[in-house]
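Here is a friendly walk through one protein model, written to be read with the structure open beside it. Please keep the viewer at hand as we go from one site to the next.

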Amino acid sequence: KESMAQVERLLVSGALLRSSGAAVCHHPGMVHPDGGFRFAWDMIGITAIVYQSFVVPLQLSFGIEVTFVLLEAISVLFDSYFLVDILVSFRSGYLNKGVLVMDPSTVALHYIRSWLLVDCVASVPWDWISVSPDLKAFAMVRLFRLARLLRLARLKAMMAKVEDRVDSEAVVLGLALCKLFVVLLMTAHWVACVWWAIGHFAQAHGDDSWIEAEGVLAAPLNTRYMAAMFYAISIFATMYGD
């Protein structure tokens, strides 16, 4: 009974907070943190962050560029999203110890002190910068793409906001399983990319490497990736085997 009473009090307090927030939100152009627009915007952001978390390491380690029209369009769309997201964040209210803050100047100052620097560095659309492949700047521009992964620091908070809006235990459980699967897959993907980069670096400097031993240096991308992924899975299997 006590637990049910606590749940009821939380539900009532949440409803009061949302209703009071609706009354407070009288500033034109401000985005309510619990509103439908913010929820949809965060869902797009989660998708974009996960997408770039897979694509960026693949591009850097295997030295490939996105040339497929659909994937190129998706990359441009997500790059544009992150630029616009800075403006949206300047106009998005937040909760401060349970109190809804919607004052534009306070919201802007809060964003400047928290995530503005990270977002600015991570939102630079390096793919839009055209540099000659003969220049060392080309390699630097490619390396700067790693800054996009800084947005992973916000992924946990964004997922928590999404889960707070879900009332079904089955959906919450499904989200937890999806997160676990994505984390495991992303970790294996990163290990595979790093493993290929190590082998390629050794090969380029005339040292023995697993790439030479497997004879996959000139193989198609899918063969090279699967070979690196095999080593990544082997590492995980060895760790759990021990």
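## A histidine and its partners

The side chains of His 189 and Tyr 225 make a polar contact of 2.8 Å; a polar contact here is a pair of N or O atoms within 3.5 Å, where within protein one must be able to donate a hydrogen and the other to accept it, and residues adjacent in sequence count only if both atoms are side-chain atoms. Please bear in mind that this is a predicted model, in which local features need pLDDT of at least 70 and side-chain atom pairs count only at pLDDT 80 or more, while totals for chains, interfaces and linings use all residues. Residues are numbered from 1 along each chain as its sequence is written, and side-chain values use heavy atoms, with hydrogens and water left out.

His 189 belongs to helix H8. Helices (H or I, at least four residues) and strands (E, at least two) are DSSP runs, numbered from the N terminus. With a relative accessibility of 3%, His 189 counts as buried; the scale is buried under 20% relative accessible area, exposed over 50% and partly exposed in between, with a 1.4 Å probe and protein chains only. Leaving out residues up to four places away in sequence, His 189 touches Ser 53, Phe 54, Pro 57, Leu 58, Tyr 225 and Met 229, where contact means heavy atoms within 4.5 Å.

## Two helices side by side

How do H2 and H8 pack? Their angle is about 15 degrees and their axes lie 8 Å apart. The axes are lines fitted to C-alpha atoms, for helices over the stretch in contact, and angles run from 0 to 180 degrees between N-to-C directions. On the H2 side, the residues in contact include Val 50, Ser 53 and Phe 62; on the H8 side, Val 182, Trp 190 and Ala 197 are among them.

At 6% relative accessibility, Gln 52 is buried. Among the residues in contact with Gln 52, beyond its neighbours within four places in sequence, are Phe 78, Phe 82 and Arg 148.

Glu 214 is part of helix H9 (residues 210-214) and is partly exposed at 45% relative accessibility.

| Residue | Partner | Distance |
|---|---|---|
| Gln 52 | Asp 79 | 3.3 Å |
| Glu 214 | Tyr 231 | 3.1 Å |

## A loop residue and the whole chain

Where is Lys 97? Lys 97 is in the loop between strand E1 (94-96) and strand E2 (99-101). Its phi is near 60 degrees, a positive value in a residue other than glycine, and Lys 97 is exposed at 82% relative accessibility.

The protein chain has 10 helices and two strands. Of its 242 residues, 33% are buried. Among contacts with a separation of 6 or more, 68% are between residues 24 or more positions apart.

The structure holds zero disulfides, a disulfide being a pair of cysteine sulfur atoms within 2.5 Å. Cys 120 is partly exposed, with a relative accessible area of 35%, and Cys 178 is partly exposed at 48%.
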